[in-house]
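Morning, everyone. Please have a look at the model on the screen before I start.

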Amino acid sequence: MKFSDMAERQILKAQAEGQFDNLKGAGKPLDRGGDGSADAIGFRIMAEAGALPREIELRKAVEEQTRILHAAPDEEARKQVMKKLADLQLRLDIEQEARRRFYGS
């Protein structure tokens, strides 16, 4: 069975069970704030639902680790923070590359 068929069946099942009833913003067009891309809209919808993509979580972690690096008191602390920052940045790069390959953009 194709993924699109499975997804369609899950959507129809959820509709039949009434899981889409009384959703916030039902029947209204999506707000195309930001750059209006499908990624931006998808990320916003997921954020509103409390389900951030791993890529966004990693971006926030990189920003936080960068702040910690600037506040590191000594050389040894900076080395530890830079090690963790490099790991987070690598993970973020992997997530971004996977998204680009999956969506072909």
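This is a predicted model: local features need pLDDT of at least 70, side-chain atom pairs count only at pLDDT 80 or more; totals for chains, interfaces and linings use all residues.

Start with helix α4, residues 75-103. It has 29 residues. From its first C-alpha to its last, α4 reaches 41 Å. That is close to the 42 Å expected at 1.5 Å a residue.

Now look at the two ends. After α4 comes G104. The phi of G104 is positive, near 70°.

Which residues of α4 are buried? They are V81, L85, L88, L92, Q96 and R99. What covers them includes α2 and α3. For reference, α2 is 38-48, and α3 is 54-70.

Let's stop at R99. Buried or exposed? R99 counts as buried, because its relative accessibility is 19% and the cut-off for buried is under 20%. The side chain of R99 has a polar contact with the side chain of E55, at 2.7 Å. Skip the neighbours within four places in sequence, and R99 is in contact with D39, F43, E55, R59 and G104.

Last stop, the surface. I11, F20 and L23 make a nonpolar patch of about 260 Å². Take L23. It sits in the loop between α1 (3-16) and α2. L23 has a relative accessible area of 44%, so it is partly exposed.

That's my tour. Thanks.

Key:
Residues are numbered from 1 along each chain as its sequence is written. Side-chain values use heavy atoms; hydrogens and water are left out. Helices (H or I, at least four residues) and strands (E, at least two) are DSSP runs, numbered from the N terminus. Buried means under 20% relative accessible area, exposed over 50%, partly exposed in between (1.4 Å probe, protein chains only). A polar contact is a pair of N or O atoms within 3.5 Å; within protein, one must be able to donate a hydrogen and the other to accept it, and residues adjacent in sequence count only if both atoms are side-chain atoms. Contact means heavy atoms within 4.5 Å. Patches are made of residues with over 30% relative accessible area and no salt bridge: like charges are joined within 9 Å, nonpolar side chains (Val, Leu, Ile, Met, Phe, Trp, Tyr) within 5 Å. Accessible areas come from the Shrake-Rupley method with a 1.4 Å probe; for residues, only the protein chains shown count as cover. A salt bridge is a side-chain nitrogen of Lys or Arg within 4 Å of a carboxyl oxygen of Asp or Glu. The expected span of a helix is 1.5 Å times one less than its number of residues.
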